[in-house]
Amino acid sequence: MQHLRCYCPQRLAINAPSKIPVGEFLHTGSNANSVVPPFAFGTKAESLQRLQPVVTAAEIPEICFFSLSEWTASRKEILNTLRHLFGNQALAIRSSAQAEDGAKNSMAGAFLSRIHVSCHISRELEDAIDQVAQSLTGDPHDQVLVQPMVGDVAVSGVIMTFDMVHGAPYYCIDFDDETGRTDVVTSGNGVHKSLYVSRYADNSMIRSPRIAAFLRLARELEEVCQCDALDIEFGMNKSGQLFLFQVRRITLATNWLPINERHTQRQLSHAEDFVRDQSKRRDGILGERTILAIMPDWNPAEIIGTMPRPLAASLYQRLITRSVWCRARAAMGYRPLADTDLMLLVNNHPYIDVRNSFNSFVPARLPDTIGEKLVNAWLARLEARPELHDKIEFEIVPTCLDFCFADDFNTRYPDVLDAEELATFTAALTDLTRTNLAPGPAGTLDRALEAAAGLDELKLEEITGSPAHAFLARAEFLLAQCEESGTLPFAIVARHAFIAEALLRSAVRRGALSDCRLTAFKRSIRTVAGNMVGEYTRVCQNQLARAEFLGKYGHLRPGTYEITSLRYDERGDLFLNDLPSRPSAATPQFSLTAGERTAVDRLLAEAGLDVLNAEQLFEYARKAIAGREHVKFVFTRTLSDALSMIGRWGELHGLSRDDLSYLEWPAIARSLSHPVMDDMNSYYLDMAETARQNLAATHAFRLAHIIFDVRDIYVATLNRSEPNFVGTGSASGTVVKLEANTPTSINIRNMIVCIENADPGFDWIFTKGPSALVTRFGGANSHMAVRCAEFGLPAAIGCGDQIYQRLVVAGSIELNCAEKILRPLYAE
């Protein structure tokens, strides 16, 4: 009778059941002195048994397995044998089907596993085996694998030896080092850490000893299995011992397109040189080094995405990150920077140069010696707390003097400045804040709103006929107007909104008003979105013409800088639903209580910000927050019209919107002064095709969300983000994921909406009655954060890659803003 195959050499004699000869059910593998034959994959259990005597980088827990036919014929004997072998140990009962873990199909997760099964409780063990057996295909040769549970688990995870989707040359490691469970990564039920390690990375690039151990295991398995496309499940106990749970081939490997590994290696080398050079000292810039990140400051991940097409990226540079960002801050009293680029593109991946960003938050009157210390300290705090990369203005850099400045600075930077230097910094920050808070038409807030009003009133004659050159010239004119009278004043108003938010949050922390009262104040601010929802309802009630609504809001598009994203007035599905469910049209009123007024006045006087009183502070905040949304609405209309002009120009030259999206704006605009001396269509189509191929190849190039030094070029960590919770409300229920061109007729009523970024073009969702909003990217003061605060809609803004993907896959989630809870609604 050979119904149970085991590999557990320590138990050969002492634990064999007395009624069955050892040789009949124990297969101990190769003799230590025999030659190990070439490795051949079998079932999950067979592969582990063949690996057990040869793998040195990890231990494989004792293995016992049997077929379904053997379980049917000898159930009692198998149970007795398992009890003798494992005693009182907790067991893992796992599938090992013939159709599982094959070269063409992995069937990962298709069959049941049971863990923490008691070996000495016969009914529990038998039931667990039955449940696993019944989940299999019915093939009598399918197997059940039994192993003891690994105790004191500190880390569990999965290693893919190549990027599973694209076949890019990276070790892709997902692991959980918090729960002590072995199934968090494979089940998708928990938050875990992810990193990509280039297959070309030198060992010196690996900072973590345990990551180095994971890689040693992966490389050994590649050599033993004679296969470099492996899917490996592993664990590590608290003593640092690695355990191997499973190895199988990556079945998607047959779908991978050929990758020029030499080319990829060259790209990594170029990126390494670029990061090293970028981190060197630079004339006129404070700070010993820099950090590159995708979400601080003007947050390209939120606005244009982590891999934007060339037209969108170049327009964002033109309108924001080339000079507008620092010109606006200089106008408000921050350190002037001469047309310094804020955003860099590393192989089509946009990054904020954080050193440049931090320089722009130093008060202009502050001596460089103090500014240098501050910038270095801010960079060090970000490196120590990378999860704060989307909360720079609230958790890293004091960009104004708020009511908690002294305590926060002493807690975060206790030894950075001496007493005299701190006094100088405090005085400079106080002066900057007082100047910007001072009411009156001469202030930068009122002047910025006035400049944007000029753009709002801009009227141009319609272009008649079909002169391609005229459409392109109009696009350039609109972009120039948008820069000077749109994005520049918007950057100023947005900075004022940040100052207001910082002051109000710190007033809550000091007890001058409650969180609920701050939420009530924000709900009392009427913005463009509130007006749009009301007018949308009037259209649905036949009280307002569609043409009038679209004349006002038709320019909005979910991808503000993306030409392929449809405008509202280009969509035929905006009004296909029945009358929408929407928030009340009435804007709630807010007024300070006498106690709140007294408390805030006391804080203003204490901070030296007595250029205004409590009532004026809240009016300032109202004007800044509503003004920011209005100016954004105005400049995005001008930008959207410019994109339409570019589209018309392209259409006349046989270029689709998709083609145009792969062209950089300077390359297009150059033809206004440098005529193309060739067929226009062929010239730009060739350029677009080259860019299309380059961007496609970029998908095989993995970069960290935050790059601290050159090691992060080769070891790309995907940092987890802490969501920015809006308000104190809660919601639970079904998730619906929306993308840029999702039909607006989709039913999202009473559902939790998930979107990639907090773009104004998604304002239509507020007309459809969602129960909550979750975004992958976005900051505490982002567009959607303001919208949700206005409508009292519970939201988690900027929850990051891992949490976002987990929630979308879950299908239903719970969000509780007051308790800062965001999690799937299923048993873990």
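Predicted model: local features only at pLDDT ≥ 70, side-chain atom pairs only at ≥ 80, totals over all residues.
Okay, let's start with a strand pair: β11, residues 292-293, and β14 run antiparallel to each other and are joined by two bridges. When I say paired, I mean that DSSP finds at least two bridges between the two strands. Strands here are DSSP runs of E with at least two residues, helices are runs of H or I with at least four, and the numbering goes from the N terminus.

Residues are numbered from 1 along each chain as its sequence is written, and side-chain values use heavy atoms, with hydrogens and water left out.

Back to that pair. In β14, I706 is the bridge partner of A293. Both strands belong to an open four-stranded sheet, ordered β12-β13-β11-β14, with antiparallel pairing. At its edges are β12 (343-346) and β14 (706-707), each pairing on one side only.

Staying with this sheet for a moment, the loop from β12 to β13 (349-353) holds N347. N347 isn't a glycine, yet its phi is positive, about 50°. N347 is also partly exposed, with a relative accessible area of 23%. The cut-offs: buried is under 20% relative accessible area, exposed is over 50%, and partly exposed is in between, using a 1.4 Å probe and protein chains only.

N542 sits in the loop between α20 (528-540) and α21 (546-553), and at 71% relative accessibility it counts as exposed.

Next, the seven-stranded sheet. This one is open too, with mixed pairing and the order β16-β20-β19-β18-β17-β21-β22. Which strands stand at the edges? They are β16 (724-726) and β22 (821-824); each has a single partner strand, so one side of each has no neighbour in the sheet. From one strand to the next the twist averages 25°, where axes are lines fitted to C-alpha atoms (for helices, over the stretch in contact) and angles run from 0 to 180 degrees between N-to-C directions. At the β16 end, the partner is β20, residues 795-797, antiparallel over three bridges. There, V726 stands opposite A795.

One more strand pair: β9 (residues 230-237) and β10, antiparallel, with seven bridges. I232 has V247 in β10 as its bridge partner. The two strands form a hairpin with four residues between them, and G240 in that hairpin has a positive phi near 90°. As for β10 itself (residues 242-249), seven of its eight residues are buried. As a reminder, side chains in a regular strand alternate between the two faces of the sheet.

Now helices. Take α4, residues 75-86: how far apart are its end C-alpha atoms? They are 17 Å apart, which agrees with the 16 Å that twelve residues should span at 1.5 Å a residue. That expected span is 1.5 Å times one less than the number of residues. Buried in α4 are I78, L79, T81, L82, L85 and F86. Down the helix axis, these buried residues fall within an arc of 165°, so they line one face; the arc is taken from the directions between the axis and the C-beta atoms.

In helix α18 (residues 468-509), look at E484. E484 is partly exposed, at 39% relative accessible area. Leaving out residues up to four places away in sequence, E484 touches R327 and P489, contact being heavy atoms within 4.5 Å.

Cysteines, quickly: searching the whole structure turns up zero disulfides, meaning pairs of cysteine sulfur atoms within 2.5 Å. C172 is buried at 10% relative accessible area, and C400 is buried at 3%.

Finally, the whole chain. We have 29 helices and 22 strands, and 57% of the 828 residues are buried. Of the contacts between residues at least 6 apart in sequence, 70% join residues at least 24 apart. That's my tour, thanks.
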